[in-house]
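Dear colleague,

I am handing over the structure below, and after it you will find what came out of looking through it. Please read the notes with the structure open beside them.

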Amino acid sequence: MAAQNLEQIVSLCKRRGFIFPGSDIYGGMQGTYDYGPLGVELKNNLKRLWWKHNVYERDDMEGIETAILMNKYVWKYSGHEETFVDPLVDCKTCKGRFREDKLQDAQCLKHPKLHPGECEGELTEPRAFNLMFKTQVGPLADPDSYAYLRPETAQGMFVNFKNVLDSTNRKLPFGIAQIGKSFRNEITPRNFLFRVRELEQMEIEYFVHAGQDEDWHEKWIQDHLEWWINEVGLSRDKLQLYEHPKEKLSHYSKRTVDILYDFPTLGFDELEGIANRTDFDLGSHSREQDKLGLSAKVMKNEHSTEKLTYFDQPTNKHIVPFVVEPAAGVDRGVLAALCEAYDEETLVDANGKSEIRTVLRLKPALAPIKVAVLPLKKNADEIVAVGKSIKNMLQASGAMRAVYDDTAGIGKLYRRQDEVGTPFCVTVDFDTLGQGQDPNLKDTVTIRDRDTMLQERIPISSLLDYVQKRI
Ligand code: GAP
């Protein structure tokens, strides 16, 4: 049975060390989460898969990592200072603060069964609340020396467009990819990792000739939809494409399509947005904009020192490329992968007794631990020594995280590993030592598959190869 609600995922994550509430021992910090020993592995694996697909496996991409703190003018000319706002309303009775456009997702503080506005409380007129975190830069409290924590990684790629172009000699079409932290002062952070104040994004800015933007937009939508299915393992029927209505598009967008995932409790909601941003961004951050023939309407830039243009040899002209932007949330990706993988299965033994097995059916490439080595007997020194040496051999390959565990009986150890999604459990027994009934089984181990629970016996010498082929 799949997860019925987010609470099941939250509880598993805390219990097994995937994700903890931020600053927990001081009562928490709303909208922040800490990734534990297993969570960080899962998150790194997701990011690695994304980077492999979007950077290594293509020949038209460059990766970068830009600073979280950027010059304040970046956010002026990107439009964030003016438009990166949510409509905020206050309840005059319960003093709650809510997003006016998300009242249906919020609870009245006095009557949690009601949405704000449905109770006796009167809501104020909405006012614009900017979601960027502002911070002081340097030791002087000078009102002008402020910066924002970036609310998206995208701008780091736009302002480095020239640097990347000049240092790599790329020709259109080409893209820049970045994975990194972003910060948004969400009015109501909620639903676990879904809406947080400190988040991580995986974004691409893909630069193309105007006129080719619509085709490339379509290609990226299909490519990333397939990535979520084939690489992350999300089911097609839990994914939907959502076309933003023209009148609701962001200020920079000609067309935006979201990839939505059917999260338990929340229903279908955004996992990734793929926008056609035209020449808005490169145009906005350029000087002498009136000479650039921009199609987008931009604010007059009085501070940039560069023209973010591309020299197009065939036409002998400097042009401003259009950009297509696939922008996904790492945390939402982790959450979707966990929700998809969660399964509760009823097992019935030979005596008709039933038991629930919780198993995370993560794609092996995403699983935090690839192999758990378990001794059949923990007080048999030789078995323990062989078990530990197998674990060391697997881990020394550099290809995976492997663990050795002898802190419970074998049945319990299997269940523990099932619950965290470990695809393979290796058991060392007396046959491995050549002390069982069949001497031919010396130097072999059993390897158990998480999903089928079937076991096979293989030589220790072929174990690494066996696992590597399957992860
Ligand atoms: N550069 C474009 C951009 O940032 P966005 O739709 O605002 O677009 C991209 O964000 C992705 O980042 C979203 O699809 C979502 O997965 C993730 N995201 C945005 N805000 C988030 C939040 N408060 N918590 C978790 N993830 C968030």
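This is a predicted model: local features need pLDDT of at least 70, side-chain atom pairs count only at pLDDT 80 or more; totals for chains, interfaces and linings use all residues.

**The ligand and its surroundings**

Residues are numbered from 1 along each chain as its sequence is written, and side-chain values use heavy atoms, with hydrogens and water left out.

The backbone takes part as well: a polar backbone atom of Phe 194 is 3.2 Å from a nitrogen atom of the ligand, and a polar backbone atom of Leu 271 is 2.9 Å from an oxygen atom of the ligand. Taken alone, the ligand exposes 550 Å², of which the protein buries 91% (areas by the Shrake-Rupley method with a 1.4 Å probe; for residues, only the protein chains shown count as cover). In total 21 residues surround the ligand (a heavy atom within 4 Å), and the closest are Glu 152, Arg 184, Glu 186, Glu 203 and Glu 270.

**Helix α9 and its partner α1**

Helix α1 (residues 6-16) packs against helix α9 (residues 330-341) at an angle of about 105°, with their axes 10 Å apart; axes are lines fitted to C-alpha atoms, for helices over the stretch in contact, and angles run from 0 to 180 degrees between N-to-C directions. Helices (H or I, at least four residues) and strands (E, at least two) are DSSP runs, numbered from the N terminus. The two helices α1 and α9 are therefore roughly perpendicular to each other (65 to 115 degrees). Leu 6, Ile 9 and Cys 13 of α1 meet Leu 335, Leu 338 and Cys 339 of α9, with contact meaning heavy atoms within 4.5 Å.

**Two backbone details**

Leu 172 and Pro 173 are joined by a cis peptide bond with omega of about -5°, and Pro 173 is found in the loop between α6 (161-168) and β10 (174-183). Asn 316, although not a glycine, has a positive phi of about 60°, and Asn 316 lies in the loop between β15 (310-312) and β16 (317-319).

Conventions: Angles under 35 degrees count as roughly parallel, over 145 as roughly antiparallel, 65 to 115 as roughly perpendicular and the rest as oblique. A polar contact is a pair of N or O atoms within 3.5 Å; within protein, one must be able to donate a hydrogen and the other to accept it, and residues adjacent in sequence count only if both atoms are side-chain atoms.
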